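Here's a quick walk through one protein chain. Have a look at the fold first, and then we'll go through a few parts of it.

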Amino acid sequence: MLSDKPESESREGEIFELCPFELSRGTQQVLQYMLLYRNTQLLQERGTQPFSFIQAAFERLLDLYPILRGYQVKLPDRNIIATGDSSKPGPLFEIIDASQMTVDEFEKIQFHREQWPAEVDNVLKSRVADFDRLIAGTVVSFADGYLLGLTVSHIITDGTAFIILLRQWASLAQKLEAGGDKLAMPDLPIDFDHPGYWSKLAAYPPQPHPFVEYINGQDFGDLTALQAKVSTWYATGSLKGSERPAMRILRVSPAAIDAIAKEYNNTNDGRPALHGVQILYALMWQRYVAAVIEMQQEPEEAYTLPVFLMMMCNLRQMTLAPDYVGNAVGPVVVPCDTKDILTMPIVDLARLVKEHLRQLTPGGGAHYINVAYTGDDSFILKAIYLFSRAESKVYISNTSRHAYFDIDFGHGKPIALLCGTQATEGMMHWMPSVDGGIDIHYGLKDDVYSVLKRDEVLNKFIEFVN
């Protein structure tokens, strides 16, 4: 146990720090999510400034977390946070008028960004493409509702902390709408482990970490050439070419999740049944590898390649700090031979993934962090190279259990959730769908996507939305 506080203790009303995570190359990314709300009454009652309470709440959120008023300095190998220069870009809040469109009209094209109004798409994309700020809020005003967007640098938060910020923003907006004029603190049950989290984790005696051992056992050749390839991946999202993949939406309904569990669990072997979502990890991994192999000019040679599943898992369960507002995730890396992944029964592959998840211990996490972020720079270079090869990795970030559809700014709950994060080949963002299922936002190029769309296994359980 890392936390000095008991799990049940709540420290409501305390202002907590955001803990910058400046060591990771991954912090050069941003997180962007958008919520769609339908509300004609709000627009009619509030007159010419219907969203002033949302903007005021955004400003008060910055008062809770003053570090968000800083800016990023981009270094060759990572980004860092700085403050004190008023000429640098700071927090931004913007309202975009798209009143020529109704919520229903936007909902029909929500997953087809090429059909979005240009003024909306350009603003939101610019927040992702070149984001020196730490935070930006956006409201797109439709004829009968609005799209609310929040963009935050990954250097300052991760997916779990992101929804905490969003909930706090909504809570402040509700209080302002109810007539509050003070800096009201959100009523959240918070168990917070202070920013010394990483040093606490590193204090654990190192334990073996399978991926560290795998990397150290490989010969990667000339590191200068390796760096050049990794730089290409950062620029394009793939080593295969200059075209960045598109964000595709694959929908898995609650009924489909149940059907997956029923299809693949074998209750006669005496082993406990797996949840449909656990099996879905393996299913998506196997079918992606199968699609990539099908496209290889020499598939027999491709069978000899190692493949990886990388899952970003929440480390907060180790700290008993479920509302830690900072980066607190650790990678679970599952290596496998290509031939094995294509021939292994899905449920066995799912059990392999589950077993690796169990290996995410404080000691193993500490060893990985020490090696990857504070040790030899060549380690993270090698790891990034492995994961930047389209045929070798699938990356899953699963936030599908986060209650985005409960976020109410004072005038009702959202009817849709969108992810604006830049697409990277093989990377999946699992998000909740409005019906209680999972929307998989998947970075895929056209050729791979076309193979997946005709995959007979996937078509039994998955709807290809766009």
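What share of the contacts in the protein chain with a separation of 6 or more comes from residues 24 or more positions apart? That share is 75%, where a contact means heavy atoms within 4.5 Å.

## The ground rules

Keep in mind that this is a predicted model: local features need pLDDT of at least 70 and side-chain atom pairs count only at pLDDT 80 or more, while totals for chains, interfaces and linings use all residues. Numbering starts from 1 along each chain as its sequence is written, and side-chain values use heavy atoms, with hydrogens and water left out.

## The whole chain

The protein chain has 18 helices and 14 strands. These are DSSP runs numbered from the N terminus, with helices (H or I) of at least four residues and strands (E) of at least two.

Of its 466 residues, 55% count as buried, meaning under 20% relative accessible area; over 50% is exposed and in between is partly exposed (1.4 Å probe, protein chains only). The accessible surface comes to about 19800 Å², and 49% of that belongs to carbon and sulfur atoms. Those areas come from the Shrake-Rupley method with a 1.4 Å probe, and for residues only the protein chains shown count as cover.

## Strand S1 and its partners

Strand S6 (residues 145-153) runs antiparallel to S1, joined to it by 9 bridges; strands pair if DSSP finds at least two bridges between them. Here methionine 34 sits opposite glycine 149 of S6.

S1 also pairs with strand S11 (residues 416-419), again antiparallel, over 4 bridges. In that pairing, leucine 35 has leucine 417 as its bridge partner.

## Helix H10

H10 takes in residues 276-295, and its end C-alpha atoms are 29 Å apart, which agrees with the 28 Å its 20 residues should span at 1.5 Å a residue. The expected span is 1.5 Å times one less than the number of residues. Since 17 of those 20 residues are buried, H10 is largely enclosed by the rest of the structure.

## Serine 433

Serine 433 is in the loop between strand S12 (427-432) and strand S13 (438-444). Serine 433 is buried, at 5% relative accessible area. Leaving aside residues up to four places away in sequence, serine 433 touches Arg251, Phe405, Ile438 and Asp439.

The serine 433 side chain also reaches the backbone nitrogen of glycine 437 at 3.0 Å, and a polar atom of that side chain lies 3.5 Å from the backbone nitrogen of isoleucine 438.

Methods
Polar contact = N/O pair within 3.5 Å; in protein donor to acceptor, adjacent residues only side chain to side chain.
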